[in-house]
Amino acid sequence: MNIYYTLLIIALPMMLVSCSEDQKTKDEIAGIPVNISIERFDQEFINLDNQKLADLKVTYPFLFPPQFPDSIWLKKSVDTLQAELSSEVLKKFPSLEKSEDEIKNLMQHIQYYFPEIKVPRVVTITSDVDYQQKIILADSLLLISLDTYLGTDHYFYQGIQQFIKKNFNADQLTSDIAARYLKEIIPLPSDRTFLANMIYYGKELYGKSKLLPQSSEAQLIGYTDEEWQWVLENEEQVWRYFIDRELLYKTDKNLSTRFLYPAPFSKFNLQLIDNESPDRVGRFIGWQIVKSFMRNKDVSLRQLINEDADQLFKASRYKPKKNE
């Protein structure tokens with residue numbers, strides 16, 4: 001018998017069991033009761049009068065710090081900029097039905113892996129395009145600044161660098177929410193090495209892939225298709241750069257700035273590569289290490305999150321893919 005068919009016969013039962021287990025997991029997640037109803041404060045905070053303001057302060061007390069008098073809120077609600085923000089948000093998001101479905105699906109996955117986490121109250125706001133606070137999570141309250149998801153080329157974002165605004169798109173919203181939850185769940189690295197920080201972000205990206213299985217990997221990391229193709233084609237070269245320069249166990253904070261934090265590009269200090277590379281390639285490498293670990297170890301997502309970075313790396317037996 002042809003060796004290919006022999007191997008196929010041996011592997012087929014295992015493949016069927018795996019597919020069956022995947023479908024069982026999907027069914028269990030789909031059956032988790034989650035109710036999401038997005039409250040649109042962004043549209044309620046328009047042309048307030050005294051009575052409407054009083055009602056909003058009862059409904060949304062967390063959005064009205066007591067040290068500010070009512071006159072401040074009344075004036076802001078009729079401000080030209082506020083009116084323009086609300087108008088542009090309504091044009092982009094006349095309905096949030098799609099977002100409700102996506103957030104519901106995300107919360108079902110979160111509850112499956114972390115059942116202690118409560119389903120949040122979800123409120124949409126505008127924040128004068130404060131992109132440092134696109135998503136705010138406080139206990140079971142989730143605030144979404146819709147004016148940071150109007151599309152990369154929206155005129156509100158003129159003057160904001162391209163590497164920052166490239167993810168100001170509606171299809172990035174749920175990914176940002178997942179990342180915000182995972183930052184609450186994943187413990188910070190126990191040491192300051194470059195490797196530990198890479199694996200920290202690798203855990204976050206792997207977690208996002210489990211919470212948002214329908215999203216592409218490029219979307220999960222916030223890369224364009226071209227940027228994603230670059231890291232796939234250059235994974236081996238990036239890893240070789242890290243190894244040749246013995247960067248893994250260094251604690252230089254500058255390494256995070258060069259390879260982990262948002263920027264126009266990653267900083268190899270090699271002009272040709274720097275001009276072509278996307279930012280945050282260290283996160284991509286950390287993700288590949290974590291994926292290699294999970295292929296070699298039968299552990300849960302919760303166990304992964306608490307795994308020591310150095311032990312994880314050694315057990316991963318990570319070898320970068322060669323560019324053919």
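Colleague: What volume does the largest pocket have, and which of its lining residues are the closest to its centre?

Modeller: In this predicted model, the largest pocket has a volume of about 960 Å³. Of its 26 lining residues, Tyr 131, Lys 134, Asp 176, Lys 183 and Pro 262 are the closest to the centre. Local features need pLDDT of at least 70 and side-chain atom pairs 80 or more, whereas totals for chains, interfaces and linings use all residues. Residues are numbered from 1 along each chain as its sequence is written, and side-chain values use heavy atoms, without hydrogens and water.

Colleague: How many residues of each class line the largest pocket?

Modeller: Its lining has eleven nonpolar, five polar and ten charged residues, where Ala, Val, Leu, Ile, Met, Phe, Trp, Tyr, Cys and Pro count as nonpolar, Asp, Glu, Lys and Arg as charged, and the others, Gly among them, as polar.

Colleague: What volume does the second largest pocket have, and which element gives the most to its lining?

Modeller: The second largest pocket has a volume of about 670 Å³, and of its 21 lining residues the closest to the centre are Asp 22, Thr 25, Lys 26, Tyr 113 and Lys 210. Helix H1 gives the most to this lining, with nine residues; helices are DSSP runs (H or I, at least four residues), numbered from the N terminus.

Colleague: Why does Lys 291 count as buried?

Modeller: Lys 291, in helix H14, counts as buried because its relative accessibility is 17%, and buried means under 20% relative accessible area with a 1.4 Å probe, protein chains only. Contact means heavy atoms within 4.5 Å, and, leaving out residues up to four places away in sequence, Lys 291 touches Tyr 206 and Glu 217.

Colleague: Which residues of helix H16 are buried, and which helices do they pack against?

Modeller: Ala 309, Leu 312, Phe 313, Ala 315 and Ser 316 are the buried residues of H16, and they pack against helices H9, H11, H14 and H15. Just after H16, Arg 317 takes a positive phi of about 50 degrees.

Terms used. Buried means under 20% relative accessible area, exposed over 50%, partly exposed in between (1.4 Å probe, protein chains only). Helices (H or I, at least four residues) and strands (E, at least two) are DSSP runs, numbered from the N terminus. On a 1 Å grid over the protein atoms alone, a cavity is a set of points where a 1.4 Å probe fits but cannot get out, and a pocket is an open set with protein on both sides within 12 Å along at least five of seven lines; lining residues have an atom within 4 Å of a point. Grid points are joined across faces, edges and corners, and a volume is the space filled by probe spheres set on the points.
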